[in-house]
Amino acid sequence: MKVAIIGASGMIGSRILKRCLEDEKVTEVVSFGRRELDIQSDKLKQVVSNQLELSEAYTDHLTNTHAAFSCVGLYTGDADAATFRKVTTDIPVAFAEALENVAPQSIYCFLSGQGADPTEKSRLMFARDKGAAERIIGNMSLKSFHTFRPAYIYPVEKRVEPNFTYRLSRSLYPLIKRMGSNMSITSHQLGDAMFEVGVGSTEANEFLSNKEIIDLLL
């Protein structure tokens, strides 16, 4: 089974990559990124390109892909509106378009977020841009498209939090967790659920809430 990933250096993408490299069913992993990952594996092929330029490198390496994972993203406030749109919407869409052209049989798993708005009427840039990607990719002719809409993602691995909001959320996680299964999820839970859907899905398009993502692992 061949798998492709964009965003493998991030919190969720790195978890999916780890699962892919460990799983015997996965025979080849193609990772697209702006820099090379410090990982060595006979399974792993790394394609380094400037994704902000929407390189044609996607098409050259996606033939016979079974599952594709889109985990790219930016934190709100980390970039201007145009760059945020390009990373959040244009790159996942370009990835999907390449798959549609050379591997329409593939399963596409897209990391979105709670509150994503496909109508783009939300006042939140994140919700509009994630929602736009959901709408555009959902209208393509891929075998299946799975949108994951997590709430707060608790980072299992230690990291430097990107801003005050995330530092506060991490400190309040025990309280947030007690508020119910639609309020939070761990990075490992999310990555594992995306992996399981990608390598084994027979469903058509679906949108998974935070609770539904957690329930997949039960």
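Analyst: A crossing of two helices is called right-handed if the near helix is turned clockwise from the far one by less than a right angle, and left-handed if anticlockwise. In this predicted model, the crossing of helices α3 and α4 is right-handed, and helix α3 is the part examined here.

The setting may be described briefly. The protein contains eight helices and nine strands. Its C-alpha trace spans about 45 × 35 × 35 Å along the principal axes. For 218 residues, a compact globule would have a radius of gyration near 17 Å, so the 16 Å of the protein agrees with that expectation.

Seven of the strands form an open sheet with parallel pairing, in the order β3-β2-β1-β4-β5-β6-β9. At its edges lie β3 (44-48) and β9 (206-209), each of which pairs on one side only. On average, neighbouring strands of the sheet are turned by 15° against each other, direction ignored. Within the sheet, β4 (residues 67-70) runs parallel to β5 (residues 107-111), and four bridges join the two. In this pair, A67 stands opposite I107 of β5.

Helix α3, which comprises residues 81-102, packs on this sheet. The strands that α3 touches are β1 (2-6), β2 (28-33), β4 and β5. The direction of α3 makes about 175° with that of β5.

Helix α3 also meets another helix, α4 (residues 125-138). Two packed helices are described by the angle between their axes and the distance between the axes. The axes of α3 and α4 cross at roughly 20° and come within 9 Å. Angles under 35 degrees count as roughly parallel, and α3 and α4 are therefore roughly parallel to each other.

On the side of α3, the contact is made by A81, F84, R85, T88, T89, P92, V93 and A96. Their counterparts in α4 are M125, F126, R128, D129, K130, A132, A133, I136 and I137. By class, the residues of this contact comprise 11 nonpolar, two polar and four charged.

Helix α1 (residues 11-22) and helix α7 (residues 187-200) pack with their axes 8 Å apart, at an angle of about 55°, which makes α1 oblique to α7. The crossing of α1 and α7 is right-handed. Among the residues in contact are M11 and I12 of α1 and L190 and F195 of α7. The contact of α1 with α7 has seven nonpolar, three polar and four charged residues.

Technical notes
Residues are numbered from 1 along each chain as its sequence is written. This is a predicted model: local features need pLDDT of at least 70, side-chain atom pairs count only at pLDDT 80 or more; totals for chains, interfaces and linings use all residues. Side-chain values use heavy atoms; hydrogens and water are left out. Two strands pair if DSSP finds at least two bridges between them. Axes are lines fitted to C-alpha atoms, for helices over the stretch in contact, and angles run from 0 to 180 degrees between N-to-C directions. Contact means heavy atoms within 4.5 Å. Angles under 35 degrees count as roughly parallel, over 145 as roughly antiparallel, 65 to 115 as roughly perpendicular and the rest as oblique. Ala, Val, Leu, Ile, Met, Phe, Trp, Tyr, Cys and Pro count as nonpolar, Asp, Glu, Lys and Arg as charged, and the others, Gly among them, as polar. The radius of gyration is taken over C-alpha atoms; the globule rule is 2.2 Å times the number of residues to the power 0.38.
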